[in-house]
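Hi,

Here is the model I promised to pass on.

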Amino acid sequence: MLFRYTKQKWLLVLGLVLLMGLLAGCVPADHTMDTPDLLKGNFWEKYVVYYFAITLDTFAGWFGGSYVLAILMLTIIVRTLILPLTLKQYRSSKAMQALQPQMAEIKKKYKDNPQKQQEETMKLFQTHQVNPMAGCLPLLVQMPIFIALYNAIYWNQDIRLDKIFGFVLGEPSPWYFLPVLAALTTFIQSKMMQKQQTQTMPGMSIILTIFPVLIFVMSMSFPAALPLYWVFSNIYTIVQNYFLYVRSSDKGKKEVLAK
């Protein structure tokens, strides 16, 4: 049912908040080890964080020891790898937008029966193979990367001690510079998607409005490397959304005016 999918999106946001809150205090700030030592750790450390750390070390070696550029390289690779999921999200959003007249008709027909309205809406989605939860896939895929990056900051002293604009990556950003930048870029990319998302999923406008605030609040206590990753990821997404949403929308308007 449509209500179930909306509820799942709220649960996803709540889960993200709880997860980031847990990360903010789960590892002592003085905990360090060399990358090879991760092979002696638990399953997560041995089979996930180790290869993640090796990748960052390798990229940093390519860029003269700069873990800032290593995080940038990792962000580009991750965002490019999940591009098929993003395109799936875009196609699903466009399909739901095309179904708006039929959804409005169902809402009008069953206005006194919310349960029947939800059932018929979900039948419509199934008939046209539309997944309302497709928009959550890119975020879900990125979460293990985010957690692994958090672990790598504390378990690799070289990452923790690297700097950007004088900010140490292993410490919270002074003057809230990176949290503000992370929240601002999150807001921009949310606004680019908001019109289309809110047309297809009622309640999404609230989620898209709250999310930048959550990013800012949580980034204040995170090591600077985490909001830095979020900033890089958001900039990639803003460029991507320009071509997917803004430019394609402008092109569609021009085609309509030309007829």
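In the protein, 76% of the contacts with a separation of 6 or more are between residues 24 or more positions apart, a contact being heavy atoms within 4.5 Å. Bear in mind that this is a predicted model, where local features need pLDDT of at least 70, side-chain atom pairs count only at pLDDT 80 or more, and totals for chains, interfaces and linings use all residues. Residues are numbered from 1 along each chain as its sequence is written, and side-chain values use heavy atoms, with hydrogens and water left out.

The protein has eleven helices and two strands (DSSP runs numbered from the N terminus: H or I of at least four residues for helices, E of at least two for strands). Starting at the N terminus, the order is α-α-α-α-α-α-α-α-β-β-α-α-α.

As for burial, 45% of the 259 residues count as buried, i.e. under 20% relative accessible area with a 1.4 Å probe, protein chains only.

I also looked at one helix pair. The axes of α5 (residues 100-109) and α6 (residues 114-127) come within 9 Å and cross at roughly 160°; these are lines fitted to C-alpha atoms over the stretch in contact, with angles from 0 to 180 degrees between N-to-C directions. That crossing angle is why α5 is roughly antiparallel to α6 (over 145 degrees). On the α5 side, Q102, M103, I106 and K107 make the contact, and they meet Q117, E120, T121, L124 and F125 of α6.

Cheers

Methods:
Parallel < 35°, antiparallel > 145°, perpendicular 65-115°, else oblique. Buried < 20%, exposed > 50% of the residue type's maximum accessible area, 1.4 Å probe, protein only.
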